[in-house]
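Reader: I'd like to go through this one with you and ask where the labels come from. Can you put it up first?

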Amino acid sequence: MVKSQIRSSTRVMEEALKRQIGVAVRGARKRAGLTQEELAGRVGKSTEAVSNIERGRALPTLTTLMELARALDEPLPRLVADVPVGTPKAMKRLTLELQLRSLADQLDDRVLEVAVRQVSALVDLRR
């Protein structure tokens, strides 16, 4: 179970990384006044590849990130500046959320409904 949680945690962080880099690339491209097609041509990638990066569906390699930064006349650190690094507190919460998800996956619908009501009651207590 711990290995699967680590894999899940890594997957969640990778998804966040892809989204954040995508937002940064899209913003830089728009500031540069380029279309996806023009940017793709400058870095030798397909328009689909640039689109996938911008939408957070693909994680560019370091080489591609460097080419994008150069083509966009942006410092490389700016494209990855807001990438979450995962503080110990955030990682603890992520691990707990993954554990809760893993447990929920093992419940049948009837028992899951009970669990949702219980968690909702806990949330209500905090208000």
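Reader: How do the axes of helix H2 and helix H3 cross, and within what distance do they come?

Author: The axes of H2 (residues 36–43) and H3 (residues 47–54) come within 8 Å and cross at roughly 110°. Bear in mind that this is a predicted model, where local features need pLDDT of at least 70, side-chain atom pairs count only at pLDDT 80 or more, and totals for chains, interfaces and linings use all residues. Residues are numbered from 1 along each chain as its sequence is written, and side-chain values use heavy atoms, with hydrogens and water left out.

Reader: Why are H2 and H3 called roughly perpendicular?

Author: Angles of 65 to 115 degrees count as roughly perpendicular. The crossing is roughly 110°, so H2 and H3 get that label.

Reader: Which residues make the contact?

Author: Gln36, Glu37, Leu39 and Ala40 of H2 meet Thr47, Val50, Ser51 and Glu54 of H3, where contact means heavy atoms within 4.5 Å.

Reader: What makes Glu74 count as buried?

Author: Buried means under 20% relative accessible area, exposed over 50%, and partly exposed in between (1.4 Å probe, protein chains only). Glu74 has 11% relative accessibility, so it counts as buried. Glu74 lies in the loop between H4 and H5, and touches Ala28, Arg31 and Ala69, leaving aside residues up to four places away in sequence.

Reader: And why is Asp73 called exposed?

Author: Its relative accessible area is 70%, and exposed means over 50%. Asp73 is found in the loop between helix H4 (62–72) and helix H5 (76–80), and has a positive phi of about 55° although it is not a glycine.

Note on methods. Axes are lines fitted to C-alpha atoms, for helices over the stretch in contact, and angles run from 0 to 180 degrees between N-to-C directions. Helices (H or I, at least four residues) and strands (E, at least two) are DSSP runs, numbered from the N terminus. Angles under 35 degrees count as roughly parallel, over 145 as roughly antiparallel, 65 to 115 as roughly perpendicular and the rest as oblique.
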